[in-house]
Amino acid sequence: MHQRTQPQSVLVVGASRGIGAATAKLFAERGDLVTGTHRGTGVPAGVTGVEADVRDESSIQSAVRTVLDSTGRLDVVVVNAGITRQELLVRMTAESAREVFEVNTIGSMMVVKHAAKLMNRQRSGSIVLVSSESAHTGIPGSSHYTASKAALEGFMRSAMWEYGPRGIRINTVAPGTTETDMIAPLTSENRAKMLAATPLGRFAEPEEIADVIYWTAHSTFLTGAVIPVTGGEGFGA
Ligand code: NAD
């Protein structure tokens, strides 16, 4: 069993609010050295903030460099940045589908690329992607979103083969509906329907997703896994 003897150097991408902020806070509270990215809005107390937009590869590179300069290494990356749009396919434009893929899929892939470059030199590292249970079940009104997250999971399955031999693990946490700004546009009718489809009868709090991200990041023999954290939503459907 590998024992952690020192605080880990952690980068959380998209740490300004919601699941990412809860994750950055939790790692910091549990003793890790945490850097979180934001886009001008700051990060929780106890976390070092760095500005980055995953659509801009040079800003990702400089966020990774900032972590290296301040802590000397990069042990864990949580790739949490994501966006969604509510629009039926009949009204969807290629432009809006591109925007969703640019952040959720391509942006996440570029974060992994630059983080893994550094982890490769260390011969160790742990990467946690944040997908969505809706990539497995489907959800009307955001087919670009579910497709972008399903693509991210496919990406993980290839990347883990490329990086596993270098001691780098890559896993995915797939949250069910979680109480963050992302679900604010849901109508009360849709909320009620989704709650009815969730055995635990409530949505997740961001801290509950963060807890599984923490465990996944710090495990030692898990790679290529997709871990659903859904309160049962999506099972037995
Ligand atoms: P949120 O909207 O509260 O937070 C999204 C985070 O991503 C913010 O910090 C935002 O600044 C960041 N971000 C967005 N675009 C970015 C960009 N171009 N560059 C860098 N950062 C960017 O939403 P959340 O619910 O906390 O979502 C976090 C992750 O969890 C997302 O990947 C989302 O798809 C996923 N998720 C959320 C739910 C849910 O119900 N809330 C369910 C399943 C999966």
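Predicted model: local features only at pLDDT ≥ 70, side-chain atom pairs only at ≥ 80, totals over all residues.

Student: OK. At what angle do helix 3 and helix 5 pack?
Tutor: The angle between helix 3 and helix 5 (residues 143-163) is about 20°, and their axes are 9 Å apart. Angles under 35 degrees count as roughly parallel, so helix 3 is roughly parallel to helix 5.

Student: Is that crossing left-handed or right-handed?
Tutor: Right-handed, for helix 3 passing helix 5.

Student: Which residues make the contact?
Tutor: From helix 3 there are Ser96, Ala97, Val100, Phe101, Asn104, Thr105, Ser108, Met109, Val112 and Ala116. Helix 5 brings His144, Tyr145, Ser148, Lys149, Ala151, Leu152, Phe155, Ala159 and Tyr163. By class, the contact of helix 3 with helix 5 has 12 nonpolar, 6 polar and 1 charged residues.

Student: And helix 2 against helix 3, what's the angle there?
Tutor: About 35° for helix 2 (residues 57-71) and helix 3, with the axes 9 Å apart. The crossing of helix 2 and helix 3 is right-handed.

Student: Who's touching whom in that one?
Tutor: Helix 2 uses Glu57, Ile60, Gln61, Val64 and Leu68, and helix 3 uses Met110, Val111, His114, Ala115 and Leu118. The contact of helix 2 with helix 3 splits into 7 nonpolar, 2 polar and 1 charged residues.

Student: Switching to the ligand. Which residues come nearest?
Tutor: Gly14, Gly18, Ala81, Gly82 and Thr180, out of the 26 residues around the ligand. Two elements give two or more residues to that shell: helix 1 (18-29) and helix 3 (94-122).

Student: Which element gives the most?
Tutor: Helix 1, with 3 residues in the shell around the ligand.

Student: How do the shell residues divide by class?
Tutor: Into 9 nonpolar, 12 polar and 5 charged.

Student: Now some single residues. Where does alanine 174 lie?
Tutor: Alanine 174 is in strand 6 (residues 168-175).

Student: Buried or exposed, and why?
Tutor: Buried, because alanine 174 has 24 C-beta neighbours inside 10 Å.

Student: What is alanine 174 in contact with, leaving aside its neighbours within four places in sequence?
Tutor: Two stretches of numbering turn up: Ser131, Ser132, Glu133, Ala135 and His136, then Val226, Ile227, Pro228 and Val229.

Student: Which residues does serine 9 touch?
Tutor: Leu33, Val67, Thr71, Arg73, Leu74 and Asp75, not counting residues up to four places away in sequence. Histidine 38 is 29 residues from serine 9 in sequence and 18 Å from serine 9 in space, C-alpha to C-alpha.

Student: Last one: what's phi of arginine 123?
Tutor: Near 65°, a positive value in a residue other than glycine. Arginine 123 sits in the loop between helix 3 and strand 5 (125-130).

Student: And is arginine 123 buried or exposed?
Tutor: Exposed, because arginine 123 has 10 other C-beta atoms within 10 Å.

Methods. Residues numbered from 1 in each chain as written. Helix = DSSP H or I, 4+ residues; strand = E, 2+ residues; numbered from the N terminus. Buried ≥ 20, exposed ≤ 12 C-beta atoms within 10 Å, placed from the backbone. Contact = placed C-beta atoms within 7 Å. Near = placed C-beta within 6 Å. Nonpolar A, V, L, I, M, F, W, Y, C, P; charged D, E, K, R; others polar. Axes fitted to C-alpha atoms, helices over the stretch in contact; angles between N-to-C directions. Parallel < 35°, antiparallel > 145°, perpendicular 65-115°, else oblique. Left-handed = near helix turned anticlockwise from the far one by under 90°.
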